[in-house]
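Dear colleague,

I am passing on the structure we spoke about, together with some notes on what turned up in it. Please have it open while you read.

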Amino acid sequence: LCLQVPELEKATVRIRQPERVREIIQSLREQGVAKLQVISDFDMTLSRFGCNGRRCPTSHNILDTSRVISEDGKKKLKDLLHYYYPIEIDPNRTLEEKRPLMVEWWTKAHDLLVQQKIHKGDIAQIVRESEAMLRDGFKEFFDQLHKNNIPLFIFSAGVGDILEEIIRQANVFYSNVNVVSNYMGFNDDGVLTHFKGPLIHTYNKNNTVLQGTGYFQQLSTRTSIILLGDSMGDLTMADGVPSVENILKIGFLNDKVEERRGKYLDSYDIVLESDETLDVVNGILRYILAE
């Protein structure tokens, strides 16, 4: 496999079943470009987790820490994070326990943001002033998919308006990119008044929130999938696809690597440990797309 995709030799790569991964990649190549789609999470998957020893912000963080949020608002949002984030990543809690708590967190956070009377016109500047970064190799990733008319479906529990702006400012928001996320609702004066439904959090990224979007129905011939995520919640992102023939699940293990490695290796075909690049994904795409 490494002969075909040399990037898999990187020290950051972990694979529990190399033979199976080889078969999937081979099938993706044989099925051809017309059958391929990429389904990806955004925060900490397409965007970087860290840079120079510092955490990079998620789309929520960018907003939460920006100048448009009052000091009181910032403190309350931080308190929510400190209370709910450990629950989100707790390996000992079941999804059933976590789901209602995630809804609670997102709802409280969105309510706090609405109280800040954020202006739509400020969003581009907020993103420009932030430390948001897409992973190294993002340009090749977006360009390859666009050039080959491969749909990229971004499924995010973040803030859609912010993540779209990050992609736009990176000059890669192409026509093949579709986003489902939490979008802000603004009044006629361009002031944030609400978040549009349905609410998307870490653990409901599946067809329950996609019913009626019609997105996957129109892609019913795209039965080969490369799925990119960084959490257990991302594993269900392809559940709305009518008939999946091949799916390659690539997981970014950004944090608490030792304690979470086993779980990630059980769930993802390829696990990338503390890897801030899209090298492996790009290498696999190059191999699949090669004439």
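The notes below cover the domains, the core and a few salt bridges.

This is a predicted model, in which local features need pLDDT of at least 70 and side-chain atom pairs count only at pLDDT 80 or more, while totals for chains, interfaces and linings use all residues. Residues are numbered from 1 along each chain as its sequence is written, and side-chain values use heavy atoms, with hydrogens and water left out.

The domain assignment, whose bounds come from an automatic or database source, gives domain 1 (6-51 + 133-289) and domain 2 (54-129). Their C-alpha centres lie 21 Å apart, and 35 residues from domain 1 and 31 residues from domain 2 take part in the contact, where contact means heavy atoms within 4.5 Å. About 3000 Å² is buried between the two domains, with carbon and sulfur atoms giving 68% of it; buried area here is the accessible area (1.4 Å probe) that two parts lose on being put together, summed over both. Zero salt bridges are found across this interface, a salt bridge being a side-chain nitrogen of Lys or Arg within 4 Å of a carboxyl oxygen of Asp or Glu.

The largest nonpolar core has 91 residues, and Phe141, Ile226 and Ile284 have the most contacts inside it. Leaving aside neighbours within four places in sequence, the contacts of Ile226 include Leu28, Leu248 and Ile284.

By the same rule as above, the count comes to 27 salt bridges. Arg286 forms one with Glu7, the closest N and O atoms being 2.5 Å apart; because Arg286 lies in helix α10 (residues 279-289) and Glu7 in the segment before β1 (13-14), the pair ties together parts that are 279 residues apart in sequence. Helices (H or I, at least four residues) and strands (E, at least two) are DSSP runs, numbered from the N terminus. Arg286 also forms a salt bridge with Glu140, at 2.3 Å between the closest N and O atoms. Arg286 is partly exposed, at 37% relative accessible area, whereas Glu7 is buried at 15%.

Best wishes

Definitions and conventions. A nonpolar core is a set of buried Ala, Val, Leu, Ile, Met, Phe, Trp, Tyr and Cys residues joined through side-chain atoms within 4.5 Å. Buried means under 20% relative accessible area, exposed over 50%, partly exposed in between (1.4 Å probe, protein chains only).
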